[in-house]
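Subject: Structure handover

Hello,

Here is the structure we talked about passing on. Please open it alongside this message; my notes follow below.

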Amino acid sequence: MLIDFRISKRLISCFIFLLIIIPAFTAASEKISPEECFDCHSDPEIITEVDPPRRGLFVPEKKFYNSVHGKESCVGCHRDADPDHDENLKPAECKPCHKRAAKGYYAGLHYAAVKKKDPYAPSCVTCHGKHAMRSSKDPASPTYPMNIPLTCGKCHKEGSEMIKHHDISKHNMVEQYSMSIHGKGLFESGLKVTAVCVSCHMSHEIRNHADPRSSINRKNISKTCMQCHAAIEQVHKKVIKGKLWKQSHKLPVCIECHAPHKIKTEVQGKKVPSFEDAYCMSCHADSQLSVTKDDGSVKYLYINKEHFSGSAHEDLQCVKCHVDVNLSHTPVCEETKKVDCSSCHEEPAKLFKAGVHGKLFLAGDPDAPDCITCHGTHDIHLKTTKHSPIARANIPKLCSKCHKDGNKAAIRIKDQDHNGMVEKYNMSIHGKALEQSGLLVTAVCSDCHTAHMELPHTDSLSTVHPNNISHTCAKCHEGIYDKYRLSIHSPEFNPDAKEKLPACNDCHSSHTIKRVSNLDFRQEMVSQCGHCHEKLTETYFETYHGKSFNLGYAKSAKCADCHGSHNILPPHDSLSTLSSSNIVQTCSKCHPEATKKFTGYLTHATHNDRETYPMLFYTFWGMTALLLGTFLFFGIHTLLWFPRSFKERM
C-alpha cells in the first residue's frame, strides 16, 4: 500500500507540473510567431540602445528560413520573448536541444574562458553563427570540414586579436597546419577526409594537452591518431625498433616524431622513404650486392626483378613481407630477419608447424625445409602455373630433392619403406600415369601426405596412418572406398575385430602400387592374402586351383576371383559373392556351365581340419590306415615267406 501511495503521489505531482508547464509554453507560442518577429527584425536599421548600445537587431529572413532552425519558432531559443518584450532579452540557450554538445563545451577550455570573463572567449554563435546556422554537412557552413581551419583561424591565427590580447608568442599553428601533410591534403588536394582541427581537438570538449582527459594528451594521442591511421602498430614496426613496442615505458607516441601541427613526411629530420619497390631495388638490383655472415660465408642479396615480375606476389610491395626494415639502420634492411609467411598465410603456417617439417624447423634443424624450400623466394608462383615447383606435375621432383636415395632426408630416415621411395613411385601406376601419360589427376606426394602437415605413418593424425589412409585414398577412389567400407575388412563393418584389419596400402603397398590387371599383381595377390589368412592359403594350395597356380597357370582362380577384391563379405551374407544366391554366378566366370550342384565343391577342404571337415578327416585317416595295414600285412608275409622260398630253391 505504501508503494502504491508513493507512486500515485508522484503521478499526481507530474500531472500538476504538466498542467502548469504545457499551457505556459502554449501561451508563449501563441503569444508570438516568426512572422510577428520579422515585422520588426526584418528592418536592417533596427538597433538597441541598451547593453551594449547601438547593437543591431536585424535578422535576415531568407537566411533564417534556409538555416537548420528555419522550421523552428523564434521563442524556441528566445524563451522570454513576447509581443511586448523589452530590448534587453537574455541570450539564446542552445543547451535544451543540444545537451551532448553543451556538456562537452562546458567541460572544455572555451567555457572556462567564458567563466573568467575573457572578452575573446568563444560561445556557440562564434563558430556556428546566429540566425543563419547551417548543417556541418553544408559546404556553406563554417563547421563544414573544409572550413574548420578557417573558422578556428579567426582566433588562433597569428596576428589575431585573441593572440595579441593574450600575448601568445610563436602561436602560428594555423600556418603550420597549412603547410603540413594534413593541410596540403585539405587545401591543395581538396581531401575532405584529411585531419582538421576538430579531428584531434574534438568539436566541443576542447581541453589542454596536459589534461589526462584531453584527446591530445600524451596517453590519448595515439588513440586519437588511430581514428584515421588504424594499422599504426603494424606500420611503425618498419621504423621503430621492435623492443620499443614491447617496453611500454619507452614507447614513443605520435607527436614525439610527428610535430602536432607541422606533420610532414619526415621523422626526426630524416626523410621517410616510400618503401616502394623502386626504393628497395635501388640497392638490390646490383648483382654484386652481398653480405658476409658471422661464419665467413657470403650471402648475395641481388634480386632479379624479372623473377619477381609475374610471380604470385608481384602486386605486393617488398615491405609487405619484409616488415622489420628500420630507419635507424643504414641501410634500413640491415638487420631484417627471415620473412614470416604466416602473417598472410595463417592456415598453411598453422599446418606446417604441426607437421614433422615444421617441428624440425622450429627446433633449429639445419636440414629442415621451410616455406622457401618448396615455394621459392622472390619467384614464387601459383600451383596453377606450369613452371611452379608446386605445380602437380612437378611435385614428385620437388620432394625428391630431399627424399631421393642419397639426399639428406633419405640419409636421415633409415627404414625399409623409405629406401628407393622416389624410384618406387616413378615405377608405380601413379608415377607412370604422371610421367608417361601426363595424367595430372593422378596421385602425387602431397595428395597422400598433404602439402604442409606431413606426419609419419605412426602418428594418429597422419593422413597415411592405418586408421586414416582409406579416407585419404577415397579422395580419388571414392567408388572403391564405398565398397571397401561395407566389407569385412572395414572397421565400420567389423568394429569389434581383435586382429588388425587391412587398409589400402596393405594390399596395394604405399609407393609400388601396380595396375590390378597386371599379371604380376594378380600373381602376388595370393601371398598378400596369406599374410593374414595363412591357414586358408595353405589349404588353397592343396586344391586343384592352388596346384595349378603353383604350376604357373595364370588363369587359375585366385582369392579375389571368388571372394571379391574390395567387397569381401562372409559367405552367409546375402551380398557376398559366395552366398547361396551368388555363388553360381561367381563360379560361372570361369566355369560357364556351372550349376548349383557344381558349386558344392569344397574349395578349401582339407583332411587336416577335423572340426570343419570331420568326414574328410576320418575318411582320409581310415583309408590311410587301411592302406598302411594292407602293406604292413603283406610286407610281413613276404618277409616271412622269403626264407622258405629261398630254401626250396636251393
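Setting aside neighbours within four places in sequence, Lys408 is in contact with Asp367 and Cys402. Between the C-alpha atoms of Lys408 and Ala368 there are 9.5 Å, and the two residues are 40 apart in sequence.

Please bear in mind that this is a predicted model. The mean pLDDT of the protein chain is 83, and 87% of the residues reach 70 or more. Two stretches need caution. Over residues 24-30 the pLDDT stays under 50, and the model has 3 contacts for them beyond four places in sequence. Over residues 245-250 the pLDDT also stays under 50, and here the model has 7 contacts beyond four places in sequence. Where pLDDT is low, the predicted coordinates should not be read in detail.

On the chain as a whole: the protein chain has 650 residues, of which 25% are buried. Its secondary structure consists of 34 helices and 6 strands. The accessible surface comes to about 45,300 Å², and carbon and sulfur atoms account for 59% of that. Of the contacts between residues at least 6 apart in sequence, 42% join residues at least 24 apart.

Two packed helices are described by the angle between their axes and the distance between the axes. For helix H29 (residues 519-530) and helix H30 (residues 534-542), the angle is about 140 degrees and the axes are 7 Å apart. H29 and H30 are therefore oblique to each other, since roughly antiparallel would require an angle over 145 degrees. On the H29 side, the residues that meet H30 are Val526, Cys529 and Gly530. Their counterparts in H30 are Glu534, Thr537, Tyr540 and Phe541. By class, this contact has 4 nonpolar, 2 polar and 1 charged residues.

Which residues other than glycine have a positive phi? Thr450 is one of them, with a phi of about 70 degrees, and Ser509 is another, with a phi near 70 degrees. As background, most residues other than glycine have a negative phi. Thr450 is placed in the loop between helix H25 (445-449) and helix H26 (469-474). Ser509 lies in the loop between helix H28 (504-508) and H29. Thr450 counts as partly exposed because its relative accessibility is 22%, and Ser509 counts as partly exposed because its value is 24%. The limit for buried is under 20%.

The last item is Ser136, in the loop between helix H6 (124-128) and helix H7 (148-156). With a relative accessibility of 39%, Ser136 is therefore counted as partly exposed. Beyond four places in sequence, Ser136 touches Ser141, Thr143, Tyr144 and Pro145. The C-alpha atom of Ser136 is separated by 9.7 Å from that of Ile148, 12 residues away along the chain.

Regards

Note on methods. Residues are numbered from 1 along each chain as its sequence is written. This is a predicted model: local features need pLDDT of at least 70, side-chain atom pairs count only at pLDDT 80 or more; totals for chains, interfaces and linings use all residues. Side-chain values use heavy atoms; hydrogens and water are left out. Helices (H or I, at least four residues) and strands (E, at least two) are DSSP runs, numbered from the N terminus. Buried means under 20% relative accessible area, exposed over 50%, partly exposed in between (1.4 Å probe, protein chains only). Contact means heavy atoms within 4.5 Å. Accessible areas come from the Shrake-Rupley method with a 1.4 Å probe; for residues, only the protein chains shown count as cover. pLDDT is the predictor's confidence in each residue, from 0 to 100. Axes are lines fitted to C-alpha atoms, for helices over the stretch in contact, and angles run from 0 to 180 degrees between N-to-C directions. Angles under 35 degrees count as roughly parallel, over 145 as roughly antiparallel, 65 to 115 as roughly perpendicular and the rest as oblique. Ala, Val, Leu, Ile, Met, Phe, Trp, Tyr, Cys and Pro count as nonpolar, Asp, Glu, Lys and Arg as charged, and the others, Gly among them, as polar.
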